[in-house]
Amino acid sequence: MKWIYSLSLAVSLAVQPAFADDMFGPHRLTPEARDAFVTDLLAKMTLDEKIGQLRLISVGPDNPKDAIREMIKNGQVGAIFNTVTRPDIRAMQDQVMQLSRLKIPLFFAYDVVHGQRTIFPIPLGLASSWDTEAVARVGRVSAYEAADDGLNMTWAPMVDVTREPRWGRGSEGFGEDTYLTATMGSAMVKAMQGKSPADRYALMTSVKHFALYGAIEGGRDYNTVDMSPQRMFQDYMPPYKASLDAGSGGVMVSLNAINGVPATANSWLLKDLLRDEWKFKGITISDHGAIKELIKHGVASDPQDAVRLALKSGIDMSMGDEYYSKYLPGLVKRGVVSEAEIDDAARHVLNVKYDMGLFNDPYSHLGPKESDPADTNAESRLHREDARDVARKSMVLLKNRLETLPLKKAGTIALIGPLADSQRDIMGSWSAAGVAKQSVTLLQGMKNATEGKATLLYAKGANITDHKGIQAFLNLYEQAVSVDSRTPQQMIDEAVATAQKADVIVAAVGEAQGMAHEASSRTDLTLPESQQKLLAALKATGKPLVLVLMNGRPLALTHEYQQADAMLETWFSGTEGGNAIADVLFGDYNPSGKLPISFPRSVGQIPIYYNHLPTGRPYNSAKPNKYTSHYYDAVNGPLFPFGYGLSYTTFSVSPVKMSSATMPRNGKIEASVTVTNTGKRDGATVVQLYLNDEVASVSRPVKELKGFQRIMLKAGESQTVRFPIDVDALKFWNQKMQQVAEPGKFKVMIGLDSARTQDAEFTYL
Ligand code: BGC
């Protein structure tokens, strides 16, 4: 097939210098060649065709296939999302090539957040691995599978730092810490985009949600954000910046307002910061329906006004509404919006299409028709081994009294709970094109592990919730949670009778998938009452009780912590979840995950996060004093701190050794510890470095994560772990919003969680 572009592309290639990695993000062609190509193309386009490029829509009841065919024919659409099979994608790209005047390829995007066909743990679980190589593997496999389905772009990674367990979307991100989120986000971008998003098995990423979505007031979804510039740049912005520096071609703009101005209408955010300061060259895409929402935000008077505001503020492409297409032509005619402004936005769209290699070959992620998989959901398309391995790494052992775990593959085990055999819930929210029927439940995983060795009994024990209103909420669009026809008491009776026959109880409790999702904010973080009653009845049997938690946010588990002998946080662990959990429960894998977010004791403590500022009246639990900063009606501090997680072995950390007592101006220093596996099993752990600027011109957090290393130690083995510290780790935003490192004393804290550390000090000269 011949493309109208082949000639101009050949010309650009002829003048192109040899490839170097740093030429333009990850792409192989020079920005000059791309600019020349796009300028040439823009000159051929009508105003309507340019506006058409700014429209991103989803095939569905609002936009049936026939209507989309017409739009494609008339050059009125630039990209499609939510279409995920090669035949469907090819059909639309064929229409572009056969029916449209300029044959500008569409790009195809989807929410590939933790897997495409194979589902990995939710991102909060991925972050719990503290393993950048594992996260990169998830990125590579997801991109491979999604590109194999014909997709070009993903709406990921989500790098919204959050201190809000009430917010259901924390499940999609990497937790409460800036450094950890930035590290995971950039690892994901690099892995998904590979050398170039144009490569056959790479995807372009679209970092979201820009910006500060994780800081919405009260954790109520879509709510507003009000934040000091210092906190914004110190704690919330760095992960977006790091993901863009890693080369992300796209940015999805958030639905929230920032200090009164919706992100979608925020020219400071999208132009001054993103384009001028950060030099972002890719594409900005609104979140779903966000342009329309500017009217409800109260910053636009009518649809035209909303469109004017969004475009002028820097939104290139509109997702999920017809406003740009409908109103931009009139706005240009009336001189409210200039054609140059439309050109700018259209250029960004064409640029990313160029970077995706679509002008070179619109079918590059499709291949020939004959190569389409006969069955899109074929077992052979899954990457189960990778999924199982990463899932095991994401699990966090929270409690293990008297070495209840690992379990023996012998005797009788009672598996109880509404999440023990749910193929759907274990996939977690945004499980993309993953098929629940292909997931391994905990029941199946434990069966696989104990076959012929132990007796495994099962009872559901309770519904996820007996709250009718919440059941209706969860089942609003589809039958997501099933409600047993038996009474709650009948279910509990069966569970207790089952437990009484067993040596040990494993209770799978937590949240349904839909309880930790978009628009799933909670005011209560305890287990639903139905499950609490079940646990109380199980506890009363006197049998050892192991809790397997499945949830997408920190829960308030104060009571369960007292009841349980052992607790394993498994998040929503994906396609191979059941096998992976069984690996951990039976000790075929020694858990090494660490919490990427603090677990509160109750909702009333929120926000509770480890890297808080000091107060003038710090609370000391060893020496309580009324006039100090604390709550008098509860134990203070989190139930489980950030960075916390146990192992089946034990580790010791030596005192910290500093390479020098002083760090020269703009120089370097090294802190090191020796970590020893003092137990009887081989195991991995995560060594964490925290810093505190003791005296500065503004109060600095009591500690901040500045480095981590995941190490594997054989029983009895020791390893010295070295952390280089440079001036960047000391920097902060001062009152004048300058990023500075101030001379003075710094505390160095190294440990296996954020609460228990070995401490040292150095002076920055
Ligand atoms: C969400 C985005 C998502 C988009 C497309 C929106 O409702 O906020 O995170 O990428 O839908 O599915």
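**Rings and charges**

Analyst: Lys-399 lies over the face of Tyr-561, 4.9 Å from the ring centre. A charge sits over a ring if NZ of Lys or CZ of Arg is within 6 Å of the ring centre and within 35 degrees of the ring normal.

User: Which ring does Arg-163 lie over?
Analyst: Arg-163 lies over the face of Tyr-609, at 3.8 Å from the ring centre.

User: What am I looking at, anyway?
Analyst: This is a predicted model: local features need pLDDT of at least 70, and side-chain atom pairs count only at pLDDT 80 or more, while totals for chains, interfaces and linings use all residues. Residues are numbered from 1 along each chain as its sequence is written, and side-chain values use heavy atoms, with hydrogens and water left out.

User: How many aromatic pairs are there?
Analyst: The count comes to 20. Rings of Phe, Tyr and Trp (its six-membered ring) pair if their centres lie within 6.5 Å; planes under 30 degrees apart count as stacked, over 60 as edge-to-face and the rest as tilted.

User: What's the geometry of Phe-37 and Tyr-354?
Analyst: That pair is tilted, 5.3 Å centre to centre with 45 degrees between the planes. Phe-37 is in helix 2 and Tyr-354 in helix 15, 317 residues apart. Helices here are DSSP runs (H or I, at least four residues), numbered from the N terminus.

User: Is Phe-37 buried or exposed?
Analyst: Phe-37 is buried, at 4% relative accessibility. Buried means under 20% relative accessible area, exposed over 50%, partly exposed in between (1.4 Å probe, protein chains only).

Conventions
Helices (H or I, at least four residues) and strands (E, at least two) are DSSP runs, numbered from the N terminus.
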